[in-house]
Amino acid sequence: MGNKQVKQHFETAQKTGVLKISQMRLNEFPSALKAFPNVLKTLDLSENRFVELPGDVGKFTILKHINVAGNRLTSIPEIIGVLVKLETLNAMNNLIVKLPPELSQCKNLKQINFSNNQINEFPIMVCGLKQLNLLDLSRNKITSIPDEVSGLQVTELNVNQNQISAISENVALCPKLKTFRIEENCLQASAALSKILKDSQICNLSVDGNLFSSKAFAELDGYDAYMERYTAARKKIF
C-alpha cells in the first residue's frame, strides 16, 4: 500500500472513526497505527496477510467493530479484553487454534464469528456474555460441547462441520437459544439430543450429516415437542 493511499485512509478515519484497510495484501501493520488517535469505532483489516494482531490494537478502547477475517492469524491477543465496548468480532477464515480467557471481559459483544479456523475446544469464556446473540464456530476442529454451555446467552449457535462426538444435555438449559446448527459432525442419536428436543427453547435444530438417520432422529423421545416449537415458529414467520 503506497504512502498516498495510507495517508488517505488514515485522514478519512480520523473524521469518520472507520478505518478500512482490507484487501491490501499487507503482512505488517502500518506504522501510522501506533500514533493514531483513539477515535476508531470500526477497524477493518480483513483479507490481508497478518499473522498476529499487535498490542497497539488495545489502545483503541472505543472500538465497537473489528473485522480481521481472511488473514493468517493463529491467535487472538490477550489485549482484546480491554476493548470493553466491542460489539462484533469477525475473525473467520484464519488459522486460530485457541481463544484467550480475556475475551470474557468484552461484555458488550453481540456477534462473534470464528468460522473456518483451527479451534479444537469449545470457548467457554464466552458463555457468560449476556449481550451475545450469535456465535459462529462452524468449520473448526471442536470435538465436544461441555456442560458450561448452559451459560451461553445466544439465540443462534453454529457448530456445523466440526468433529463433535459428545454434546452436553446442558444445551437444553441455554435460556435464549432458538437456532442450533450442528450439521456434519460425529454425533450419535443420544439421550442428550432427546433432552434438547424435549426441554429446550430451540425451534430450529439442524442435524443433517451426523451418524444417525433422519428416521432415528424422528424416533427420539422429545421429537414431537420439538416439532410443535418448530411449527409454531414457522407460523410466526409466515
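Let me start with a term: buried means under 20% relative accessible area. Keep that cut-off in mind. This is a predicted model.

Take phenylalanine 36. Its relative accessibility is 4%, so phenylalanine 36 counts as buried. Phenylalanine 10 comes out at 6%, and that also counts as buried.

Now the aromatics. The structure holds seven aromatic pairs. One of them joins phenylalanine 10 and phenylalanine 36. The geometry is edge-to-face, with 5.3 Å centre to centre and 70 degrees between the planes. Where do the two partners sit in the chain? Phenylalanine 10 belongs to helix α1, residues 3-16. Phenylalanine 36 is in the loop between β1 and β2.

Next pair: phenylalanine 217 and tyrosine 223. The ring centres are 5.6 Å apart and the planes stand at 80 degrees, so this pair is edge-to-face. Phenylalanine 217 has a relative accessible area of 9%, which makes it buried. Both residues belong to one aromatic cluster.

Over to charge. Which residues form the positive surface patch? Lys41, Lys64, Lys85 and Lys110. Look at lysine 41. It lies in the loop between β1 (18-20) and β2 (42-44). Lysine 41 has 45% relative accessibility, so it counts as partly exposed. Phenylalanine 36, at 4%, counts as buried.

Note on methods
Residues are numbered from 1 along each chain as its sequence is written. This is a predicted model: local features need pLDDT of at least 70, side-chain atom pairs count only at pLDDT 80 or more; totals for chains, interfaces and linings use all residues. Side-chain values use heavy atoms; hydrogens and water are left out. Patches are made of residues with over 30% relative accessible area and no salt bridge: like charges are joined within 9 Å, nonpolar side chains (Val, Leu, Ile, Met, Phe, Trp, Tyr) within 5 Å. Accessible areas come from the Shrake-Rupley method with a 1.4 Å probe; for residues, only the protein chains shown count as cover. A salt bridge is a side-chain nitrogen of Lys or Arg within 4 Å of a carboxyl oxygen of Asp or Glu. Lys and Arg count as positive and Asp and Glu as negative; His and the chain ends are not counted. The place of a charge is taken as NZ of Lys, CZ of Arg, CG of Asp or CD of Glu. Helices (H or I, at least four residues) and strands (E, at least two) are DSSP runs, numbered from the N terminus. Buried means under 20% relative accessible area, exposed over 50%, partly exposed in between (1.4 Å probe, protein chains only). Rings of Phe, Tyr and Trp (its six-membered ring) pair if their centres lie within 6.5 Å; planes under 30 degrees apart count as stacked, over 60 as edge-to-face and the rest as tilted.
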